[in-house]
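Thanks for coming. I will take the fold as a whole and then a single residue. Please have the model up on your screens.

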Amino acid sequence: AFPAVRTAAAEALEKIDPDVHPHMVTLAVGQNKLAAVGELITLGKKAKSALPVLIYYHQSGKVNELTNFFANTFLLEPLTKIAPDDKRVAQVILNEVAKKTYTRPVAIRLLDKINADAKVKLDVLLIALNDGESAVDVIAGIEDLGPDAAKAIPVLTKLKLSADDAVRQAATKALTKIEAKK
């Protein structure tokens, strides 16, 4: 819509962050957006200036322009590789854990990659556990917190009586790990 502004922004980015520049241009107007994300992942933490755009792609649903394969999970891991200590990345991952969607198991797997307090992670996992979606994955996420998950012991104890065998087994395993390290 504003070619002069777009050109000025691209030129400024090229001066400020020449490594990221070509990949950001590809994301904005290029054809191979998927390859651009791959290159940003390769840059790792040096690609941090791309973070706002990647978060935007994830949150806006524009990630579908990159790939149709599990589109909403596609950028989660790259975000944690580029800026694991960034609060915005932590919030994206925590939000995905809280959502009752197919993205939850991927987000749970990435919890250990983000810089967030164990209490916050546990609170989000307990919220997620309440809706019953991906319960075994949620319990595994709680288990990974080890002794920091002591607050979950009453809930896990109840889940040992679940009608679902996989939930019972996961709860029993998690309790063993949490209680062993108390």
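Helices here are DSSP runs of H or I with at least four residues, strands are runs of E with at least two, and both are numbered from the N terminus. Read along the sequence, this chain goes α-α-α-α-α-α-α-α-α-α-α. That comes to 11 helices and 0 strands.

Now the sources. This is a predicted model, where local features need pLDDT of at least 70, side-chain atom pairs count only at pLDDT 80 or more, and totals for chains, interfaces and linings use all residues. Residues are numbered from 1 along each chain as its sequence is written, and side-chain values use heavy atoms, with hydrogens and water left out.

On overall dimensions, the C-alpha trace spans about 65 × 30 × 25 Å along its principal axes. Of the 182 residues in the chain, 41% are buried, meaning under 20% relative accessible area with a 1.4 Å probe, protein chains only. Contact means heavy atoms within 4.5 Å. Among contacts with a separation of 6 or more, 57% join residues 24 or more positions apart.

Now the one residue. Where does His-21 lie? His-21 is in helix 2, which covers residues 21-29. Its relative accessibility is 13%, so His-21 counts as buried. Setting aside neighbours within four places in sequence, His-21 is in contact with Ala-10, Leu-13 and Glu-14. With Ala-10, the His-21 side chain reaches the backbone oxygen at 3.3 Å.

Conventions. Buried means under 20% relative accessible area, exposed over 50%, partly exposed in between (1.4 Å probe, protein chains only). A polar contact is a pair of N or O atoms within 3.5 Å; within protein, one must be able to donate a hydrogen and the other to accept it, and residues adjacent in sequence count only if both atoms are side-chain atoms.
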